[in-house]
Amino acid sequence: MGSIKMCQMMLFFAVLSAVLAVTSGKNSTDSYWLLRIKSELVDPVGVLASWYSRTNTCSWKGVVCSDDQLHIIGLNLSGSGLSGSISPEFSHLTSLQTLDLSSNNFTGSIPPELGLLQNLRELLLYSNYLSGKIPTEIGLLKKLQVLRIGDNMLVDEITPSIGNLMELRVLGLAYCQLTGSIPAAIGDLKNLQFLDLQKNSLSSVIPEEIQGCVALQNFAASNNKLEGEIPASLGNLKSLQILNLANNSLSGSIPLELGGLSNLKYLNLLGNRLSGKIPSELNQLEQLQKLDLSSNNLSETINLLNTQLKSLEALVLFDNLLTGSIPSNFCTSSSSLQQLFLAQNKFSGNFPLELLNCPSIRQLDLSGNSFGGVLPPALDKLENLTDLLLNNNSFSGKLPREIGNMSSLETLFLFDNTFTGSIPVELGKLQKLSSIYLYDNQLSGRIPREITNCSSLSEIDFFGNHFMGSIPATIGKLINLVFLQLRQNDLSGPIPPSLGYCKKLHTLALADNKLSGSLPPTFRFLSELRLFSLYNNSLEGPLPESLFLLKKLGIINFSHNRFSGSILPLLGSDFLTLLDLTNNSFSGPIPSRLAMSKNLTRLRLAHNLLTGNISSEYGQLKELKFLDLSFNNFTGEVVPELSNCKKLEHVLLSNNRFNGMIPSWLGGLQKLGELDLSFNFFHGTVPAELGHCSRLLKLSLNDNSLSGEIPPEMGNLTSLNVLDLQRNNLSGKIPSTFQQCKKLYELRLSENSLTGSIPSELGTLTELQVILDLSRNLFSGEIPSSLENLMKLESLNLSCNQLQGQVPPSLGKLTSLHMLDLSNNHLRGQLPSTFSEFPLSSFMGNDKLCGPPLESCSEYTGQEQKRLSNTAVAGIIVAIVFTSTLICLVLLYIMVRIWCTWRKVMILSSDSGGTEHNMEEEKWDYGDEKKRKGEYWKVNAMALVPSKEEQNLSSPTCIFQLKMDSETMVGQGDVF
């Protein structure tokens with residue numbers, strides 16, 4: 001099907017060629033078409049200025065004519081700065097053999113009409129901005145020998161029609177965006193010598209058919225996405241000199257057949273997933289000059305012998321899983337090996353003495369292994385060595401002084417080992433030494449002044465050792481010094497003034513020492529300085545004003561010293577990104593000049609004596625991320641212009657004298673992660689807008705004069721770790737929205753006027769660990785049992801509130817708790833048994849609590865019962881006395897009444913005689929009338945002793961009768 005399509009295409013272009021031949025009869029010269037092409041191009045530098053009709057075409061720039069001057073056979077416009085698209089009109093130049101438009105600015109696609117140039121032998125379109133697909137019509141150029149169209153933006157697959165270019169010798173498609181697989185049709189190119197497919201996105205496997213390219217000398221397909229195993233059939237390409245398959249996803253083992261590529265000079269398989277052993281068959285590659293198998297998963301021991309690989313100049317095996325030691329017959333004195341990179345493997349043992357037999361080695365990298373022991377004194381046998389990298393091993397002992405005999409040495413990396421002793425003074429003989437890195441060892445003693453004789457030194461890093469004494473006074477001799485790192489040693493004394501004469505210094509790091517004195521004025525000469533680090537020393541005094549001349553400073557860290565005076569001398573650079581002057585004695589206001597540092601990201605001025613307000617000009621620091629002005633004497637309000645610093649992540653203003661209300665615009669700082677305004681004089685309410693700072697991790701507003709309720713919007717701070725609002729005048733309840741702050745591990749609300757019950761929702765904050773402090777408020781109700789879920793909590797303080805009820809027994813499960821204070825509440829009942837470990841003071845002020853460490857609940861219950869019995873007895877006694885008294889009074893009253901009545905009766909009885917009966921009947925009628933009127937009936941004492949006749953009457957009648965008799969007698973008595 002593909003061949004039919006190709007035949008149809010060829011027929012179409014044959015007809016098109018005939019038509020073009022007819023139509024070109026009126027304009028038979030090639031110059032016409034060149035002028036047409038020129039009219040479509042942009043020629044900014046006038047390369048085509050010689051192209052005009054009145055001159056001989058063969059004299060035009062870039063034009064190559066045939067010997068008879070009748071036809072244009074070559075057009076070379078490479079690197080002419082031309083732009084525009086490649087015109088289809090090129091197809092009219094039918095005699096063209098070479099078309100070179102490389103290294104210009106052409107855009108658009110490759111015109112398929114170029115397939116009409118049947119005589120074309122070289123098509124060079126590389127290094128432009130061409131896009132689109134590779135046209136299938138390229139396959140029609142039967143005479144094409146060189147096709148280089150790489151370094152463009154070509155996409156899609158490589159057209160299989162390229163397999164029709166039987167004369168092709170060079171195919172360059174590198175540095176494009178090609179995808180898909182390598183077409184198997186490439187295997188048909190028997191004359192192909194150079195195949196470059198690097199830097200694309202080609203995938204799938206390398207086709208077996210590639211073995212058909214029997215003339216192939218250079219195959220480069222690095223930096224693609226090729227996968228699968230390396231085809232063993234590559235071993236059939238006997239002419240192959242360069243094989244570069246680096247940085248793909250090839251797997252499996254290295255094919256043994258590659259050992260048969262007798263002409264191979266360069267083999268690069270780095271950055272794949274190859275595994276297994278390095279095949280010993282590679283020792284047969286006698287022409288091999290460079291072998292790079294780095295960054296794979298190769299294992300076991302090295303079995304490559306430089307005695308057989310006599311042409312090998314570079315062996316690169318770093319970043320594998322190789323083990324063991326170097327073979328004893330690895331090297332001979334006749335070796336050509338110059339580069340040996342074995343870093344980041346698992347080699348062990350002492351320094352491989354076998355390498356001392358390779359005097360040709362110039363670069364030796366054994367870093368990142370497990371080599372140990374001392375360095376051999378015979379190390380100076382490597383007389384041609386320029387770079388010695390032994391870092392990140394376990395070498396120990398003293399540095400051999402013989403290193404000073406390695407006169408060619410330029411780079412010495414011995415960092416991250418356990419070397420001891422002092423630096424040999426013999427190192428001062430290394431006149432070519434440019435970089436010496438000894439950091440992270442255990443070296444001690446003084447830094448030898450002889451080191452300053454190494455006039456080529458540009459980098460010194462002695463970080464993290466135990467060097468003592470002063471910095472060599474002659475260090476100013478190192479005029480090429482760019483990097484000086486002496487941090488974290490025990491250096492003392494003043495900084496030598498001669499250091500100021502190292503005028504090329506970019507980095508000066510003298511931090512973490514014991515340096516003293518003031519800064520030398522010669523530092524004004526360090527005009528190239530970018531990083532200036534002096535923190536953690538004992539340097540003092542005001543800064544030299546001449547430091548203002550250091551215009552390239554980007555990072556300044558003078559923290560933890562004793563500097564004083566103004567900070568203005570450090571503000572001469574407009575390129576400052578970090579300024580840290582923490583823990584000094586700087587005074588005065590912050591100069592407004594600081595606002596000129598537009599790239600400033602970190603400003604740390606804490607723990608000084610600075611005064612004044614925050615200038616509104618600092619709102620121009622729009623790159624600022626870290627602002628720390630804490631522990632100074634700043635006053636005034638926080639200026640609203642700081643709201644322009646949208647990148648702020650840390651705002652630390654604590655322990656100053658700022659006042660006013662907390663600005664609501666702080667809620668607009670969406671990247672804010674830490675806000676500390678504690679220990680100031682802020683008043684008013686907590687702004688609800690702070691709830692918009694969704695990235696906030698720490699919020700400290702304690703020790704101010706804030707009032708009002710805690711806004712419920714605080715619950716929106718779902719990333720919050722620390723919330724400190726203690727020692728303010730806040731009131732109201734704890735918002736239930738706090739349950740949304742699931743990442744809180746520290747919550748302090750003490751010494752406010754918060755009311756209500758402790759929300760049970762606090763029990764959902766299971767990440768609380770450092771402290772939950774609600775003390776000295778007005779909380780009431782019971783302690784919620786949900787607090788049992790705070791299993792990580794280490795400190796709980798609920799003291800000095802009005803809490804009631806029992807302590808939930810489930811709180812005894814808080815096994816991480818090591819500080820507990822429930823004192824001064826109204827709690828009662830038994831404490832959980834696990835609370836016995838806490839001091840008595842944790843529970844004082846709760847009269848009804850019991851259980852260890854308080855008195856036992858059984859004793860407490862006995863005393864309570866005893867107290868209740870006494871009370872009951874007292875109550876009973878009082879009741880008895882009261883009742884008895886009442887009864888006695890009643891009885892006394894009755895007896896008195898009876899006695900009085902009896903006395904009257906006795907008197908009346910003696911006076912009335914026989915008229916008693918008639919009077920009694922009279923009184924009965926009257927008494928009946930009185931009864932009907934509801935008047936009170938008086939009982940006569942005589943009624944208590946009825947006569948015999950009266951006892952025979954029914955009870956009610958008798959009673960009334962007795963009453964009438966009594967009234968009659970009383971009435972009669974009253975008459976008299």
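**Figure 1. Disulfides of the predicted model.** With bonded cysteines counted along the chain, their pattern is 1-2, 3-4, 5-6. A disulfide is a covalent bond between the sulfur atoms of two cysteines. The model is predicted: local features need pLDDT of at least 70, side-chain atom pairs count only at pLDDT 80 or more, and totals for chains, interfaces and linings use all residues. Residues are numbered from 1 along each chain as its sequence is written, and side-chain values use heavy atoms, with hydrogens and water left out.

**Figure 2. The disulfide of Cys58 and Cys65.** The S to S distance between Cys58 and Cys65 is 2.0 Å. The torsion about this S-S bond is about -105°, so the disulfide is left-handed. Cys58 and Cys65 are both buried, where buried means under 20% relative accessible area, exposed over 50%, and partly exposed in between (1.4 Å probe, protein chains only).

**Figure 3. The disulfide of Cys331 and Cys358.** Cys331 is joined to Cys358 with an S to S distance of 1.4 Å. Cys331 lies in the loop between β22 (321-324) and β23 (339-341), and Cys358 in the loop between β24 (346-349) and β25 (363-365), so the pair ties together parts that are 27 residues apart in sequence. Strands (E, at least two residues) and helices (H or I, at least four residues) are DSSP runs, numbered from the N terminus. Cys331 and Cys358 are both buried.

**Figure 4. The disulfide of Cys850 and Cys857.** The sulfur atoms of Cys850 and Cys857 are 2.1 Å apart. The link is right-handed, with 95° about the S-S bond. Burial applies to both Cys850 and Cys857.

**Figure 5. Cys213 and Cys741.** Cys213 has a relative accessible area of 0% and is buried. Cys741 also counts as buried, at 2% relative accessibility.

**Figure 6. The open sheet β7-β9-β11.** Three strands form this open sheet, in the order β7-β9-β11 and with parallel pairing; two strands pair if DSSP finds at least two bridges between them. Its edge strands, β7 (131-132) and β11 (177-178), each pair on one side only. Strand β9 (residues 153-156) pairs with β11 in the parallel sense over two bridges. Asp156 stands opposite Leu178 in β11.

**Figure 7. Pairing of β60, β62 and β64.** Strands β60 (residues 780-782) and β62 (residues 802-806) run parallel and are joined by three bridges. Glu782 stands opposite Gln804 in β62. Three bridges also pair β62 with β64 (residues 826-830) in the parallel sense, and Gln806 stands opposite Arg828 in β64.

Terms used:
Disulfide = S-S within 2.5 Å.
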